[in-house]
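Reader: I'd like to go through the labels on this model and hear what stands behind each one. Can you take me through them?

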Amino acid sequence: MAERNVDNYGHYVVSAHKPTVVTHSVVGRFTGPDDLNLIIAKTSRIEIYKLTAEGLQGVADVPIYGRVSVLQLFNTANGTKDRLFLLTERYRFCVLDFDIARGQLITLANGDVQDRVGRPCDDGHHGVIDATCRMIALLMYDAMIKIIPIDERGLLHEAFNVRIDELSIRDMQFLHGCSRPTLAVLYEDTMKLRHLKTYEISVREKDLEVGSWQQSSLDRGASMIIPVPTPFGGAVVVGSTSVCYFSSDPSRQPLQAVKLQQTIIRSYGKVDADGSRYILGDDMGALSLLILAHNDQSIVALKLEPIGRGTVPSSISYLDNGVVYLGSQRGDSQLIRLHAQPVDTSQQPPSHVEVLETHMSLGPIVDFCVVDVERQGQGQVVTCSGVGTEGSLRIVRNGIGMIEQASVELPGIKGMWSLRHSLADESDSLLVITFVGDTRILAINAEDELEEAELPGFDTNVQTLHCSNVMLDQIIQVTQNQVRLLDASSRNLRDQWQPKSNTYINAATATPSQVLLAAGGGNLIYLEIQEGQLIETAHKQLDQEIACLDLTSTGGGSQHLAAVGTWTMQLLLLSLPSMQLLREEQLGGEVIPRSLLFAEFEGESHLLAGLGDGHLFNFHLDPSTAALENRRKLSLGTKPITLKPFRSKGATHVFAASDRPTVIYSSNKKLLYSNVNEGEVNFMCPFNSSSFPESLALAKETGLTIGNMDEIQKLHIRSVPLGEQPRRLAHQDSSRTFGVALSQCLDPSGGESFDALRLMDDQTFEVMDSHDLKPDEWVFSLATMTLGDTPQYYILGTAYVLENELEPSKGRILVFEVRDRKLHMLAEKETRGAVYNLAHFQGKLLAGINSRVQLFKWNQKDDGSWELTTETGHSGHVLALYLATRGDFIIVGDVMKSMQLLMYKPEDGKLEVRARDFHSNWMTAVEVLDDDKYIGAENSYNLFTVRKNSDAAADEERGRLEETGSFHLGDFVNTFRHGSLVMRLPDSEAAQIPTLIFGTVSGTIGVIASLNKQQFLFFEKLQGCLRKVIKGVGGFDHAHWRSFHSERTTQECRNFVDGDLIEQFLDLDPHKVEAVAKDMGSNITGEDLIKAVEEMAQLH
């Protein structure tokens, strides 16, 4: 077998931010008979929540190896809880159950429902389940429905296809209360008229029979069927101007209808089990309550009542007690509560909607740019997100930001602690700061300023090693020579303890009732605190010097543990007060531990050890046996780590102070590490004062900073609502502004909508100026660049979009300069088509205009004004939608003809074709990777790379862009940008890896890292090993999911590795880690693998 060509290197694709748009949501009893669950599909992930008294509680968040197209819950007659049916766009299905004992998803059935013949439906899959769970009906191909029978035990039987005469089916649903499974089908005929028809399904005959009733010539905008439960049965058909109820027995029940103001209803949610009320949501976010008024026998009237506004919903799920989940593909999703009485009478009509939670979504990301607005060396991604009135800018940055409240110049700080008037107080009142030879105490005065204070019993003429509030309203201070016990009220000294002569205290820690000290010569001393007394309870002489220590009361106070780090790189666990050695752990290496901390995250105990070189050890701790398990080592920085706990929003986190400060927190029982966007921090202490609630005090080389911390999460996202659709975005560094091109802005006077360019401040996002376009003129492209020796300009590309034209025949290029924070138009250039893309090229302007790539020069006229003049161009494309440049080369992304490489010849002033990809990919984005390699995304959710064959002997080979890699991303990429989300660290191997960022329709922000051959082969082998250990939900195959797939071809993934799968390795238990390491061979240990994967995880 020939050796596969890896082509020098490959690519590592990983999601820095998972998909956020909600495509489906369902409500049922999935995790237990008494649980109420909300299950959400976000493109290729599903999230499972349980409704509790405190709100929605996360149960599971798992990737699906496929794009979810159908999500339905069902239950058998004898079942106590629901099962989940899931279908993907690539025709894989599964039935999932939840194992209550293990807390895991289990697969009951799976399979492939793809047919060899048939034309896929234009508007995607429809999947419905009979009300009594007798069968599943899937519409995936025109004129053909696939039936999967279900027996009494909930088991699926062999599927079969049934033909149907109707081609253009808009919706289908099973009707309730029918003796035989009956499908209601809403379809459109060749005259664009819409009709309703019913079919009865015979499993025995494997065929359809026309049902007993049908309805012709419905509302032309009819798009949705709502099946009404028994005892009434029948169906509601929702159109754009009316809502109609049709009984399953038309002879007995007359048609009921209610008028609807012209709109498009996007989704509905059932409120009552008997189907008497439904919530409807339209494409402007307006919510209405549809009421089916009835007597005991029949529906007597329909009523439609407006209830308020929410996000534009793609799914509506009624939970309980008026609480409703609105899932959106156009913007943020919401959890709302409906009230019987209006909660906002300022709206007309009055709103009954209270927003309980907003779940932020970046999708769809139409465009974005990578900027370092704060000039800290770390990129931020600013996205054009949302659709229509849900439009917004989102500022995404890695790590956690600090909002500074106060700062003081105090160089040389060696430690900090906060004190309260009493241990029971909720607020801190004093801040103790120590230096090499003294200690200072700061208090907050009436003007909310920090000023020096005095504690009479405090020794301020020495360096403090530890101080804290302790039991019985007392305070302790530990110095090199003594431990002092103070009364918190009088602040006078009550007792003191001193070590034996010729020994000094090196380290100290305390709880409200205990003090643990380390003195020279390996002496470990344990004191207990009583009323006005310090009592030495135990003493132990160790064989080695003590570097750091911590103590805690765990197991409900039943066992006190002490952790001791030694100069011989050992970690000791001892029982208190006996000082009995319980556990000994060799840390290895040559760097001593500098900080230890017992920490509890989400009910799980951990022991953290920070080393002097910036590495951190993390152990799971069993409090009852003092067993240390799941040892993990990772690099947080390069300088000594100091660990301190703090609380934020009701949860406990840990701050690791170092040259790269980090917050350690837990989510779904998994420890996560997020950078703090600050420089080097030497010490931290919580400072929750009345003036600075939930604040932190940070000690740096130059002084003290007090501030609030952003929400604890890996990526911090800030939203700038626009209320309009952002289409294109550019950042101009010289003027410190963003240019935002907006689509279909609403005229305040009520006239027609128009497109516009807004100029916004890059810090405040305040609109400083605006330029409106002409009627029917749409924005297509925006860039900022210099043209030769000029200042930076904003350049806008437009097109006139007219109803009678298939493609625009006219457009404009507009050149703006920012002066005095205003837009000044310097020139405009009429074009023969839409200006789809603009790019800077050797001091000139390159534009993709319909089927032509055109190069413009910037010339000054005799009168001193400026103009764009055409230098050269190249035709022969279908539509030149995307451009990227490097040197003399231009890569063009075509709407149908994949990529083409053009070369500029300055001596001739011409553009000529150098090479092309002869595959027919429909491109959505292109970018240059290096001098010879290019990457593209196409509309079947794939990525692929090509290279130019400069070294080929034959002209034919040199004229072909050779495909070197292919990968199924499973998402629609709109934009690539060079850059990084994280600060590049010079000593990190990952810092040398070039990265590309992409944004998708589902709200994913992804990173593509280019690996050398050695790196790529290592991670490709690891990916193969992980496929054996990490099984896909529903039994779906990872290799199949990542294989390049389009209408024309399917081929295996090549020269790409899936970073999302690779980084799941960090979640494996130790046994599986070692099994993977053994499978990798080459004497690789589990710790080696963890270090390698964590290095890659630092790329985002």
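Author: Let's start with a term: buried means under 20% relative accessible area, exposed means over 50%, and partly exposed lies in between (1.4 Å probe, protein chains only). Mind that this is a predicted model, where local features need pLDDT of at least 70, side-chain atom pairs count only at pLDDT 80 or more, and totals for chains, interfaces and linings use all residues. Residues are numbered from 1 along each chain as its sequence is written, and side-chain values use heavy atoms, with hydrogens and water left out.

Reader: Why does Ser-276 count as buried?

Author: Its relative accessibility is 12%, and the limit is under 20%, so Ser-276 is buried. You'll find Ser-276 in the loop between β22 (265-270) and β23 (277-282).

Reader: What makes the link between the side chains of Ser-276 and Asp-272 a polar contact?

Author: The distance is 3.1 Å. A polar contact is a pair of N or O atoms within 3.5 Å; within protein, one must be able to donate a hydrogen and the other to accept it, and residues adjacent in sequence count only if both atoms are side-chain atoms. The side chain of Ser-276 also has a polar contact with that of Asp-274, at 2.9 Å.

Reader: And which residues does Ser-276 touch, leaving out those up to four places away in sequence?

Author: Leu-290, Ile-291, Leu-292 and His-294. Contact here means heavy atoms within 4.5 Å.

Reader: Is Ser-288 buried or exposed?

Author: Buried, because its relative accessibility is 18%. Ser-288 sits in strand β24 (residues 286-294).

Reader: How do you know that β30 and β31 pair?

Author: Two strands pair if DSSP finds at least two bridges between them. β30 and strand β31 (residues 380-385) have 6 bridges, in the antiparallel sense. Ile-365, for one, stands opposite Ser-385 in β31. Strand β30 (residues 365-371) is also mostly covered, with 6 of its 7 residues buried.

Reader: What about the open sheet of 4 strands: what is its order?

Author: The order is β70-β71-β72-β73, and the pairing is antiparallel. β70 (835-841) and β73 (866-874) are at the edges because each has a single partner strand, which leaves one side of each without a neighbour in the sheet. Inside that order, β71 (residues 844-849) and β72 (residues 852-860) pair over 5 bridges, and Leu-846 has Leu-855 in β72 as its bridge partner.

Reader: Why are α5 and α6 called roughly perpendicular to each other?

Author: The axes of α5 (residues 1070-1080) and α6 (residues 1086-1097) cross at roughly 95° and come within 8 Å. Angles under 35 degrees count as roughly parallel, over 145 as roughly antiparallel, 65 to 115 as roughly perpendicular and the rest as oblique. The pair is therefore roughly perpendicular. On the α5 side the contact includes Val-1073 and Met-1080, and on the α6 side it includes Leu-1089 and Ile-1090.

Reader: How do you know that the span of α6 agrees with what its 12 residues should give?

Author: The expected span of a helix is 1.5 Å times one less than its number of residues. For α6 that should be 16 Å, and its end C-alpha atoms are 16 Å apart, so the two agree. Among the elements that the buried residues of α6 pack against are β1 (10-17), α2 and α5.

Key. Helix = DSSP H or I, 4+ residues; strand = E, 2+ residues; numbered from the N terminus. Axes fitted to C-alpha atoms, helices over the stretch in contact; angles between N-to-C directions.
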